[in-house]
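Trainee: I'd like to learn how to read strands and helices in a model. Can you walk me through one?

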Amino acid sequence: MIMIISGAGLSAESGIKTFRDHDGLWENYDVMKVCSTQGWEADRELVTQFYNARRKDLEDKEPNAAHFALAKLEKMYPNKIYNLTQNVDNLLEKAGCTEVTHLHGTLTDLRCEDCNHIWDVGYHSQEEYGYCPLCESTSVRHNVVMFGEAAPAYEKIYEAISNCKLLIAIGTSGQVIDIVPIAREFQHSILINPKKEEYMTSFTKETSASQTATACLSAGDDFIDDYFKHFLQMGAGDAVEEMQALIEEFMDER
Ligand SMILES: [Zn+2]
């Protein structure tokens, strides 16, 4: 089976920006105020307005070649793909993917804080859905995982690691989900990212110290792509053909 894990770089060419593009401010919102549990507790109204705006912003965004390529893979290899994304947009689904795990939640859904029911609201504002359709609670929130909060969908990462032989990481800098320990579990792996990303987490040093010399890389000379068999240094959309060729080669060998 194939494990695909994607990040912001997958949707960048579709015009979806992340907080990293905004230098701590996101259209005049302080990122830590709108993306953290502390911020949510301090000012729910502000956070709700922020996600309303993000949802509205998503409405006219279209999938790019990479989203369509992943949808095609799903059709080529049914039930053989774990399609995991860190993105909260719906562009994979818009491209035709039906089996997507959103590790950090979904922008187009709301969640009930009382019964945990999750429902699709499309691009509408939260105010248009003042209460939970299941239990009628008015404690309603966006369905995006915030800093300081558990991400239950991460279980799928471990499930995928144990079931898959090929890892494909697309457009992820490894700063939110540490991609290196995942890559270490795979003999066959492909990283697609337009730039070399330095591997900077504290995890590196700790694990290097406890491991054999073969796994050690000197500090300052450690890049995420060193841990992958193939590195396609390009944007997700441009990598489509090479990625497909590598996957087909791998699957033909099975
Ligand atoms: Zn409810």
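Trainee: Which order do the three strands of the open sheet have, and is the pairing parallel or antiparallel?

Mentor: Some ground rules before that. This is a predicted model, where local features need pLDDT of at least 70 and side-chain atom pairs count only at pLDDT 80 or more, while totals for chains, interfaces and linings use all residues. Residues are numbered from 1 along each chain as its sequence is written. Helices (H or I, at least four residues) and strands (E, at least two) are DSSP runs, numbered from the N terminus. Strands of a sheet pair through backbone hydrogen bonds, either parallel or antiparallel. Two strands count as paired here if DSSP finds at least two bridges between them. Now your sheet: the order is S7-S6-S8, and the pairing is antiparallel.

Trainee: Why is one side of S7 and of S8 left without a neighbour in the sheet?

Mentor: S7 (118–120) and S8 (140–144) stand at the edges with a single partner strand each, so one side of each has no neighbour in the sheet. From one strand to the next, the twist averages 40°; angles run from 0 to 180 degrees between N-to-C directions, with axes as lines fitted to C-alpha atoms, for helices over the stretch in contact.

Trainee: How many bridges join S6 to S7?

Mentor: Three, with S6 covering residues 105–112. In that pair, Arg111 stands opposite Ile118 of S7. Helix H4 (residues 44–58) packs on the sheet, touching S6 and S8, and its direction makes about 135° with that of S6.

Trainee: At what angle do H5 and H10 pack?

Mentor: About 20°, with the axes of H5 (residues 65–76) and H10 (residues 240–253) 10 Å apart. Angles under 35 degrees count as roughly parallel, and H5 and H10 are therefore roughly parallel to each other. Look for Ala65, Ala66, Ala69 and Leu73 in H5, which meet Val240, Met243, Gln244 and Ile247 in H10; contact means C-beta atoms, placed from the backbone, within 7 Å.

Trainee: Is strand S10 largely enclosed or left open?

Mentor: Largely enclosed by the rest of the structure, because four of the five residues of S10 (residues 188–192) are buried. Buried means 20 or more other C-beta atoms, placed from the backbone, within 10 Å of the residue's own.

Trainee: Which strands are joined to S10?

Mentor: S9 (residues 166–170) is joined to S10 by five bridges and runs parallel to it, with Ala169 opposite Leu191. Three bridges join S10 to S11 (residues 230–232), also parallel, and there Ile190 stands opposite His230.

How values were computed: Contact = placed C-beta atoms within 7 Å. Parallel < 35°, antiparallel > 145°, perpendicular 65-115°, else oblique. Buried ≥ 20, exposed ≤ 12 C-beta atoms within 10 Å, placed from the backbone.
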